[in-house]
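Trainee: I'd like to go through some packing in this one with you. Can we take it a piece at a time?

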Amino acid sequence: MTSFSDLNLDPKVLKAIEATGYTTPTPIQAGGIPPALEGRDVLGIAQTGTGKTAAFTLPMITRLGKGRARARMPRSLVLAPTRELAAQVAENFDQYAKGSRLKKALLIGGVSFKEQDQLIDRGVDVLIATPGRLIDHFERGKLLLTGVEIMVVDEADRMLDMGFIPDIERIFEMTPFTRQTLFFSATMAPEIERITNKFLSAPEKIEVARQNTTSDTITQVLVEHAPKRRDMTAKDKRAILRTIIDRDSALEDNPLRNAIIFCNRKVDVDIVAKSLKKHGYNAEPIHGDLDQSHRTRTLDGFRDGSVTFLVASDVAARGLDIPNVSHVFNYDVPSHAEDYVHRIGRTGRAGKLGTAYSIAVPADQKYIDAIESLTEATIPRGENPWTPPGARSGSSRDESEDEGGKRSSSRSRSRSRKSSEAKDAAESAPRDDAPKADTGRDDTPSGSRSSRSRGGRGRSGGRDDGPKVVGLGDHVPSFIELSFDERRADPA
Ligand code: AMP
């Protein structure tokens, strides 16, 4: 088996690796580092979690060890699709470049241009950027890319999803054609294939197993719930979430210590975070509409344990490497099956145990079918530990809660019901990761993303929307069900 010392890396880099505690290179590192050190182009088909950041950072540091940075002319460029991923690469760089004299700058949106300009003016060896921000700097005439010796494109498929491919092509064209290119993508969509054919020169192709399978270290549980009425879906799911959190916090084996809670839409990220806070949980939201300093603070807080629950959208949290996450919740079942694998992969990292819950309502069946067909495994069904308030009499605490978790008067209660209805109607609106207007350029999906969910229509018929009538089997004509089941009456 290859060891890091076989890889011809700079002795200082080897020392830094030793300090991190890595013992053996991952497959993408063992395959990618030698050609990268030879100056060859590399096409890595690998997802986050495979060690790909070190696969491009370690040879970069080694190769850039010789030579000096010149003002406004970075010697290397790393492009990442989101601010968080760019910041993560920068952190990794700091870790692996300890002991070297290399200078880096991080160019991401939400941070003042002035500070970034000053760094570039002084000269940097490594420039880590999101494509939008890089182009902004370039257009301001503050940056020259003609000195770029190594260019890295990280998470190219994500760039495609987010509509950044034209920007990437533009940036490629601003760099010298003699540059070395290290290009990473989890998948090879035709558009990705096209740009690699255009901009890479005889690349060494390294493909590591696609992570369509979920890790054995993650216990998965699907909690199914059929709300009495559709407009109660969100409130019920929040109650289920709190019930599971409380129950798992008290477990002896693998208790809940913290969690990332995924919602499909930004508006629900805010609502769920607000509701959890209102109920006394230490929760913060993270999504693309929040300003950068807020997002950074929240992530840092989650990393250092001062925030226990991170309520997140896929765009904000995908690919983030946060160690020691005990639980992941799919508050919403993701509509893209691949996102399920990415989301639950935030826990159970580096051999640690993790637990992933998905809260599903009957309308999610088609998404569950798609996930199970992608992962070729059935998500184990678990019991729903929450008792619906309908089982108790009228004015329970949950019933008097509005969308943000506030207690409300009867007048505002009727208002909140209306808002739930409006929200229900919006449920069919595009999800966060669908192309739509957004703020902030560098992590905004502006391109189109086709529906990649496989599987046909849901297995469940319309009757799954309500409680079953005991003793009459599944094939009860709906008029009999209505006349027998008083719980279907509007509680008003
Ligand atoms: P990445 O795919 O770059 O996001 O890396 C995923 C995780 O793997 C990060 O937490 C890295 O610190 C870790 N990692 C990278 N290389 C190795 C290695 N050779 N051995 C163990 N862990 C590693």
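Predicted model: local features only at pLDDT ≥ 70, side-chain atom pairs only at ≥ 80, totals over all residues.

Trainee: What kind of pair do the rings of Phe172 and Phe199 make?

Mentor: Planes under 30 degrees apart count as stacked. Here the ring centres are 4.4 Å apart and the planes sit at 5 degrees, so Phe172 and Phe199 are stacked. The partners come from distant parts of the chain, 27 residues apart, with Phe172 in helix 8 and Phe199 in helix 9. Both Phe172 and Phe199 are buried, and the pair's label is stacked.

Trainee: Is Phe309 buried or exposed?

Mentor: Phe309 forms an edge-to-face pair with Tyr281, at 5.9 Å centre to centre and 80 degrees between the planes. Buried means under 20% relative accessible area. Phe309 has 4%, so the word is buried.

Trainee: How is helix 6 oriented relative to helix 8?

Mentor: They pack at about 45 degrees, with axes 10 Å apart. That angle makes helix 6 oblique to helix 8.

Trainee: And which hand does the crossing of helix 6 and helix 8 have?

Mentor: Residues meeting there include Leu134 and Phe138 from helix 6, and Ile168 and Met174 from helix 8. The contact residues divide into seven nonpolar, one polar and three charged. As for the hand of the crossing, it's left-handed.

Notes:
Residues numbered from 1 in each chain as written. Heavy atoms only, no water. Axes fitted to C-alpha atoms, helices over the stretch in contact; angles between N-to-C directions. Helix = DSSP H or I, 4+ residues; strand = E, 2+ residues; numbered from the N terminus. Parallel < 35°, antiparallel > 145°, perpendicular 65-115°, else oblique. Left-handed = near helix turned anticlockwise from the far one by under 90°. Contact = heavy atoms within 4.5 Å. Nonpolar A, V, L, I, M, F, W, Y, C, P; charged D, E, K, R; others polar. Phe/Tyr/Trp six-rings, centres within 6.5 Å; stacked < 30°, edge-to-face > 60°. Buried < 20%, exposed > 50% of the residue type's maximum accessible area, 1.4 Å probe, protein only.
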